[in-house]
Amino acid sequence: MGVRARPDTPAVLKRRRVRIFDREAPLGYVLLVPTLVVLGVFLLYPFLFGIWLSITDSELGALGNFIGLGNYRFEWRNTDGVFYTALVNTFLYTGVTTIFKFSLGLAMALLLNQVIPFRRFVRAALLLPYIIPTVLSYEAWRWMFDPTFSVVNWLLVHTHLAAYPGPNWLGVPANAMAALMIVNVWRGTPFYAIAFLAGMQVIPVDLYEAARVDGATRWQQFTNITLPMLRPVLLVVLLLSTILTFADFQGPFVLTNGAPYNSTQLLSIWAYQWGIPGGAIGLGAAISLVLFPLLTIVVAGVLFLLRRPE
Amino acid sequence: MAAPALKLKFAKPRSGRVIGDSLLGRTIRIYIPLLVLLVVTLFPFYWMAVTSFKSASELFDFSVSPLWVREPTLDWYRHLFTETNFPRWAFNTAVVATVSTLISLFCSILAGYSLARLRYRGADTIGWGIFVTYLVPPTLLFLPLTFVIRELHLFNNLWALILTYPTFLIPFCTWMLMGFFKGIPRELEEAALVDGATRMQAMLRIAIPLALPGILAAGLFAFTLSWNEFLYALIFMNDSLVKTIPVGVTQELIHGDEFFWGELMAAALLGSVPVAVLYSFFVDYFVAGMTAGAVKG
């Protein structure tokens with residue numbers, strides 16, 4: 001590609017490599033400077049500052065005094081159990097949607113990996129929910145779940161799947177949580193599917209051919225070739241998606257914002273409600289910081305799986 | 001000889017016609033599930049579009065099938081452009097997404113190259129460190145960040161968004177680009193070094209041009225993420241004239257308990273079009289980017 005290799009390359013390279021190694025360090029560090037500056041100022045510093053905020057009674061625009069673990073104590077005791085609801089909901093929301101997104105995403109990837117007409121179009125279409133601005137598609141869902149003019153209910157009633165007038169989606173606690181999960185699965189599945197599809201594309205075809213010659217069924221090919229070969233991708237996707245779902249804010253904020261009666265409250269939403277409209281930044285920071293150890297545990301678990309030797 | 005990882009051609013789909021694979025079997029196994037998935041996936045967008053063309057009275061008339069528009073009207077769109085700040089929000093969103101994407105690409109091309117290609121002490125640790133920033137999502141940062149933005153006097157200033165978006169864009173782009181840089185054969189750069197190029201020249205003239213598909217994929221991804229961002233924009237932008245589309249649409253097109261669904265859906269549709277168009281053109285780059293990041297990363 002433009003650069004011709006000389007016949008004497010190997011010998012020269014060996015000598016060069018030693019010298020190159022010496023000279024690579026300064027450039028290596030210099031190239032990292034912009035990234036480290038941006039991440040340092042707008043990520044590491046706010047993070048550490050947030051830890052400090054959580055042990056003060058700071059309010060919007062005014063730094064407060066040190067109050068020890070007062071915010072955390074308040075969070076546990078003085079909120080009529082909303083903290084527990086938010087904690088349980090966060091786990092439930094992440095757990096349930098992850099299971100569905102994982103299995104549906106795998107199924108979608110398997111389908112997209114087949115010979116199908118309009119492959120390109122189908123692939124782009126199935127990816128849409130993931131790339132369209134979340135709050136905008138969630139607004140559409142909110143309208144679809146409208147208490148009186150829900151098109152979802154209209155469809156359910158007209159296909160005789162539900163009795164008139166159909167469920168009140170966003171007004172009843174259990175339904176609202178289900179609605180939140182349904183929309184999250186709708187939005188998140190394409191990400192899984194595309195990542196899995198990408199992983200499937202690089203599995204050598206010979207493996208399948210050999211298996212077919214040996215008379216392996218489709219299911220056997222899936223469990224003995226596809227799944228093990230896909231393992232690194234499965235875990236990375238699981239890791240990213242768990243983190244993002246755990247900290248999910250925008251979708252639930254638009255669709256239910258914790259309503260009805262805090263029944264769909266999540267830690268992220270609750271932190272916002274205390275911190276910004278409520279003005280108690282310290283308390284809000286304490287609430288959102290609860291996410292951190294939980295996330296760390298989840299990530300450590302996934303990384304442990306990732307590193308386990310075959 | 002092109003770098004193997006950079007080929008955007010997909011491997012040949014593998015389960016072609018196998019003996020015993022009848023059309024009926026394929027229909028049940030592939031086409032029907034696919035059709036169901038497509039309908040469920042696309043229906044909300046269809047509903048968005050249909051709603052935006054309905055008149056106010058038709059919107060709330062479920063006595064006949066609501067799935068079709070009887071008397072299409074452009075009133076909501078007209079209202080959106082003349083009575084609201086929507087054009088301004090669109091402009092803001094485009095500016096913020098473009099500039100923060102460029103900043104993120106600049107940072108992560110350099111960082112990705114450095115971490116994937118150069119050998120020096122601490123490279124692995126820093127690589128892990130950048131990856132670990134995933135543990136600190138915006139949900140955890142937005143409250144302390146309000147103080148930082150206040151200190152910098154950037155409230156109601158688009159720079160607040162342009163500077164904070166890279167915190168979640170750079171880690172992903174760096175990770176994606178590391179995969180692409182690793183896919184470029186070392187020999188190409190080493191040959192250039194032997195021919196007297198400096199490390200910098202090898203990077204600028206060989207590695208970066210070859211990683212162009214990856215850079216495009218990362219840029220596409222960054223652009224979409226910033227176009228869609230909501231939390232920071234919600235908190236840092238209070239003045240209507242500096243809002244982005246997601247914030248403007250959810251905050252200003254809803255008046256108390258009154259929902260103007262037609263207008264809301266028109267705005268949602270228009271706000272989605274740019275990213276949808278981008279993707280329909282570059283979906284292959286996107287998948288290639290995922291491959292590089294997920295498989296080699």
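This is a predicted model: local features need pLDDT of at least 70, side-chain atom pairs count only at pLDDT 80 or more; totals for chains, interfaces and linings use all residues.
Q: What percentage of contacts in chain B between residues at least 6 apart in sequence join residues at least 24 apart?
A: Chain B comes to 14 helices and 2 strands, and buried residues make up 48% of its 297 residues. For contacts in chain B between residues at least 6 apart in sequence, the share that joins residues at least 24 apart is 80%.

Q: Are helix 8 and helix 11 of chain B roughly parallel or roughly antiparallel to each other?
A: Helix 8 (residues 166-183) and helix 11 (residues 212-228) of chain B have axes 9 Å apart and pack at an angle of about 160°. Angles over 145 degrees count as roughly antiparallel. Helix 8 of chain B and helix 11 of chain B are therefore roughly antiparallel.

Q: How many nonpolar residues does the contact of helix 8 with helix 11 of chain B have?
A: Helix 8 of chain B passes helix 11 of chain B in a right-handed crossing. Among the residues making the contact are B:F168, B:F172 and B:M176 of helix 8 of chain B, and B:I215, B:F221 and B:L225 of helix 11 of chain B. By class, the contact has no charged residues and 2 polar ones, while the nonpolar residues number 13.

Q: How many of the 17 residues of helix 11 of chain B are buried?
A: At 1.5 Å a residue, helix 11 of chain B should span 24 Å, which agrees with the 24 Å between its end C-alpha atoms. Helix 11 of chain B is mostly covered, and its buried residues number 15.

Q: How many polar residues are in the contact of helix 3 with helix 9 of chain A?
A: The axes of helix 3 (residues 82-112) and helix 9 (residues 218-246) of chain A come within 9 Å and cross at roughly 145°, in a right-handed crossing. The contact includes A:T90, A:T94 and A:K101 of helix 3 of chain A, and A:S241 and A:T245 of helix 9 of chain A. Its residues divide into 1 charged, 4 nonpolar and, for the class asked about, 7 polar.

Notes. Residues are numbered from 1 along each chain as its sequence is written. Chains are lettered from A and ligands numbered from 1 in the order in which they are written. Axes are lines fitted to C-alpha atoms, for helices over the stretch in contact, and angles run from 0 to 180 degrees between N-to-C directions. Helices (H or I, at least four residues) and strands (E, at least two) are DSSP runs, numbered from the N terminus. Angles under 35 degrees count as roughly parallel, over 145 as roughly antiparallel, 65 to 115 as roughly perpendicular and the rest as oblique. A crossing is left-handed if the near helix is turned anticlockwise from the far one by less than a right angle, and right-handed if clockwise. Two residues are in contact if their C-beta atoms, placed from the backbone, lie within 7 Å. Ala, Val, Leu, Ile, Met, Phe, Trp, Tyr, Cys and Pro count as nonpolar, Asp, Glu, Lys and Arg as charged, and the others, Gly among them, as polar. The expected span of a helix is 1.5 Å times one less than its number of residues. A residue is buried if 20 or more other C-beta atoms lie within 10 Å of its own, exposed if 12 or fewer, and partly exposed in between; C-beta atoms are placed from the backbone.
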